[in-house]
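Subject: Structure handover

Hello,

Here is the structure for you to look over. My notes on what turned up follow directly below.

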Amino acid sequence: MTRKNPQVEEANEADIEVTGHPKTWAAGVPGVYHSLEPAIKHMGPGRAGKTLLALNQKDGFDCMSCAWPDPGHRKTFEFCENGAKAVTWEATPVVIGSEFWAEHPVSALRERSEYWLGMQGRLTEPVHKPAGEDHYRPVSWEQAFTIIADKLKSLPSPDRATFYTSGRTSNEAAFLYQLFVRAYGTNNLPDCSNMCHESSGWAMGQTIGIGKATISYDDFAKADLIIVMGQNPGTNHPRMLTALEEAKEAGAAIVAVNPLPEAGLMRYKNPQKVKGIVGRGTQIADQFLQVRIGGDMALLQAISKRVLDAEAANPGTVLDHAFLAEHCQGLEELRAHLAGLDEAAVLEATGLRVEEIDELAHRYLKADKVIITWAMGITQHKKGVATIKEIINLLLLRGNIGKPGAGASPIRGHSNVQGDRTMGIWEQMPPAFLDALGEEFSFEPPREHGVDAVETIRQMRDGGIRVFLGLGGNFVGAMSDTDAGIAAMENTELSVQISTKLNRSHTVTGAEALILPTMGRTEIDLQESGPQFVSVEDTVCAVHASHGTVEPVAPGLLSEVAIVSRLANKVVGDSVQADWAGFEKNYDLVRDHISHVVNGCEDYNRKIRQDGGFVLPNGPRDSRTFNTPTGKAMLTVNELEHVERPAGTLILQSMRSHDQFNTTIYGNNDRYRGIKKGREVVFVSPADLAELGLSDGQHVDIHGVYKDNVDRVLRNFRVVSYPTADGCAAAYYPEANVLVPLESVAEGSQTPVSKAIIVRLEPVAGA
Ligand SMILES: Nc1nc2c(c(=O)[nH]1)N[C@H]1C(S)=C(S)[C@@H](COP(=O)(O)OP(=O)(O)OC[C@H]3O[C@@H](n4cnc5c(=O)[nH]c(N)nc54)[C@H](O)[C@@H]3O)O[C@H]1N2
Ligand SMILES: Nc1nc2c(c(=O)[nH]1)N[C@H]1C(S)=C(S)[C@@H](COP(=O)(O)OP(=O)(O)OC[C@H]3O[C@@H](n4cnc5c(=O)[nH]c(N)nc54)[C@H](O)[C@@H]3O)O[C@H]1N2
Ligand code: SF4
Ligand SMILES: [Mo]
């Protein structure tokens, strides 16, 4: 069944093709074609059918790509092009055989691209790179666990190790993992969320007492106005376009706030509908505000000011006074602060015209039910937390939280990143959770906060942290300041990655390194008590089961639950009262513990077996209950600041192409933006090109401009003339991570500032 040694050609960046203009519509029949054809080619018709037909079905498995929720009524094809790509990438029958490791020294693998590494196929056996050697070699599971356990037990303090998690991990594996880590004695549990929606969690936690969306799926169709800020759903949450289309049909207006005219935000052709196949599709955005990078905070303050001005003009008619009086605090301070808003600064920060801002304010005032959604264009900024607090301010003024068709909705990235947090993957879990955990397993969990992603790099680099263990993900590839990340990982004594496929973090290692291969969500997980399922939580707090449907790609693979349990058994054993050997035989035992420890998960085994699962309780959404120190939702005052851009520089955002999932590169095209066969491009507006004396097609070096004067540079990128907001530029992540200093983080959340990198473009001599 399996295949080995695929011929994978690296991209030759000299071949890049640019069609010259972005697409104005997304999905439709090309979307379906672009997913089915590669699926059948890579998996064969049998495996393609068994996976894609089960994708997002109630008795099938949950899409491992983004965290977009499933509608109550499912169709036969309940997935999008990018979901199909994720499935194809994971369920491929191509595997890495034992001989691979002898053929490819680690130093040679390091020169390969993420694309090439991922295309080598699935990892199938544990491998070990001893200190001082340049090759991994196969080892038994038993040997692998012994190496890790011996090392962990030899450390002078549990805080000398760090335990990363990426957001694909199931609730069951995540729960056991954090238990293991805390039983070992540390809260060092950094995760991908530190680089992602951490700013949302901070801002919402402080203002409304919960770091999660306050809406359910059905609220989209009930809204009058949906504002989509700093998000590219056509690529990153493609089925959200269906929800937006349905909302429009039910009468909602949609506003997109983005420096780029992203295809899906403009027009959408729904492949499930006749008009999506033959027609022009639905125009999605009624208004498109082409904001300057980092200008959202100013825009939001300007809208809130207009709301308060309208109230002043017609007292008692604009604000939701009953809601504000009963549930909120801070209105007067906010009013006083916004009264002094400098409109000239707003125009400078946003790059928008007054009429555009007035129009959005008018739309907001006209609407009774408003949803604001956002993603990385908002969170990955120095002022990310403050900007999200301004989103909350605006919503609270007119009671747009805790009523049907209205609410705040961070749209999560990884398919189970939200669930992992619910299960305790956070370096700062609150005391109530730790109390419950300690009581359930009869031990005293550590109380001191652990390290987040940025602090992990610092402490590994400076020699404090000696062991890195990653449950999924690609820490070195995903983190900011690539060079610092490399130096940090190389400075550890042991790095361990639990992974499905090869990536950068397997080629940049500690002195000694291990790769533990694991099963993916598509695969049938057969254990002693029968086939197991796992559970996940989507972006609107719905928890449901996921059942694998194809044979595991190799016989020796262990599930994540099995790996974590066996490792924990070796390292912490019976120092906590946990049936480590029993968990992997029957995941119901894990869920019983989750029932007792995690708020809202009582009776988990029964509720998870209900049709479609269950929805976690959510105070603001369900009852306008706000778990803040005052018991009220907090309107907050945030000093306006926007990204300063010295003359001759641009503000560069790093973003995803249509052919990638984070550091996983499926291919070298970005169809909606008209890019083919390469990724080393930088998008710049025609006006800026003229001002900088550059032209489309020219090659430039991109230099980061930071006070520390470290020369962070990306060499020889092709300039693409593109309709981005003036003063702004864009390049792809993860390549652009080289340019982001480790110290450049959001205030409060410590999320790397991946969306506002100050750069200077220098023409490549002779090019
Ligand atoms: N196919 C696919 N799906 C994915 C992923 C993937 O890589 N591929 N990744 C998953 C993950 S982990 C995440 S977190 C999400 C990410 O989902 P997104 O946040 O949509 O991802 P990005 O590509 O980072 O896009 C950021 C968007 O914000 C805009 N933007 C940048 N700066 C600003 C700004 O200052 N203001 C405003 N208003 N807009 C700005 C950009 O133009 C872009 O449209 O997607 C998830 N889903
Ligand atoms: N410059 C810049 N940097 C960014 C961002 C940005 O927009 N710009 N975005 C940030 C964001 S939002 C995020 S979420 C992070 C992402 O950071 P990560 O989550 O660390 O990175 P991924 O690329 O999603 O991880 C992919 C790897 O996960 C492994 N994997 C896949 N499926 C499974 C599975 O089922 N189990 C296990 N154990 N492993 C699996 C595979 O080996 C694969 O290579 O990157 C961040 N970095
Ligand atoms: S919208 Fe997201 S979760 Fe749904 S099928 Fe597409 S990639 Fe998967
Ligand atoms: Mo993310």
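The largest pocket lies between domain 2 (99–196 + 426–616) and domain 3 (201–410), because both give residues to its lining. Domain bounds come from an automatic or database domain assignment. A pocket is defined on a 1 Å grid over the protein atoms alone: it is an open set of points where a 1.4 Å probe fits, with protein on both sides within 12 Å along at least five of seven lines, and lining residues have an atom within 4 Å of a point.

Two notes on conventions. This is a predicted model, in which local features need pLDDT of at least 70 and side-chain atom pairs count only at pLDDT 80 or more, while totals for chains, interfaces and linings use all residues. Residues are numbered from 1 along each chain as its sequence is written, chains are lettered from A and ligands numbered from 1 in the order in which they are written, and side-chain values use heavy atoms, with hydrogens and water left out.

**Largest pocket**

Its volume is about 1,300 Å³. Volume here is the space filled by probe spheres set on the grid points, which are joined across faces, edges and corners. The lining has 36 residues. Nearest the centre are Gly209, Ile210, Gly211, Lys212 and Pro430. Helix H8 (198–208), helix H21 (417–422), helix H22 (431–441) and helix H31 (619–623) each supply at least two lining residues. H8 has the largest share, with five. Helices (H or I, at least four residues) and strands (E, at least two) are DSSP runs, numbered from the N terminus. By class, the lining splits into 15 nonpolar, 17 polar and four charged residues. Ala, Val, Leu, Ile, Met, Phe, Trp, Tyr, Cys and Pro count as nonpolar, Asp, Glu, Lys and Arg as charged, and the others, Gly among them, as polar.

**Domains**

The chain is divided into domain 1 (23–91), domain 2 (99–196 + 426–616), domain 3 (201–410) and domain 4 (650–763). The centres of domain 2 and domain 3, taken over C-alpha atoms, are separated by 36 Å. Eight residues of domain 2 are in contact with ten residues of domain 3. Contact means heavy atoms within 4.5 Å.

**Second largest pocket**

This pocket has a volume of about 1,100 Å³. It is lined by 44 residues, with His42, Tyr115, Asp659, Tyr666 and Gly667 nearest its centre. Two or more lining residues come from each of S1, helix H1 (29–52), helix H2 (81–91), helix H5 (114–119) and strand S28 (675–676). H1 gives the most, with seven residues. The lining holds twelve nonpolar, 17 polar and 15 charged residues.

**Around ligand 3**

The shell of ligand 3 consists of Asn56, Cys63, Ser65, Cys66, Trp68, Phe79, Cys80, Gly83, Pro238 and Arg239. A residue is near a molecule if one of its heavy atoms lies within 4 Å of it. Six of the shell residues are nonpolar, three polar and one charged.

Take serine 65. It sits in the loop between H1 and H2. Serine 65 counts as buried because its relative accessibility is 8%. Buried means under 20% relative accessible area, exposed over 50%, and partly exposed in between (1.4 Å probe, protein chains only). Leaving aside neighbours within four places in sequence, serine 65 contacts Asn82, Gly83, Ala86, Gly413, His414, Ser415 and Phe661.

Asparagine 56 lies in the loop between H1 and H2. It is buried, at 3% relative accessible area.

**Backbone points to check**

Most residues other than glycine have a negative phi, and most peptide bonds are trans. Asparagine 56 has a positive phi of about 65° although it is not a glycine. Aspartate 603 also has a positive phi, about 60°. Aspartate 603 is in the loop between helix H29 (587–597) and helix H30 (604–607), and is partly exposed at 41%. Tyrosine 733 and proline 734 are joined by a cis peptide bond, with omega about 5°. Proline 734 falls in the loop between strand S32 (728–732) and strand S33 (757–763).

Lysine 4 is in strand S1 (residues 3–4). It is partly exposed, at 47% relative accessibility. Beyond four places in sequence, lysine 4 contacts Val95, Gly97 and Glu99.

Best wishes
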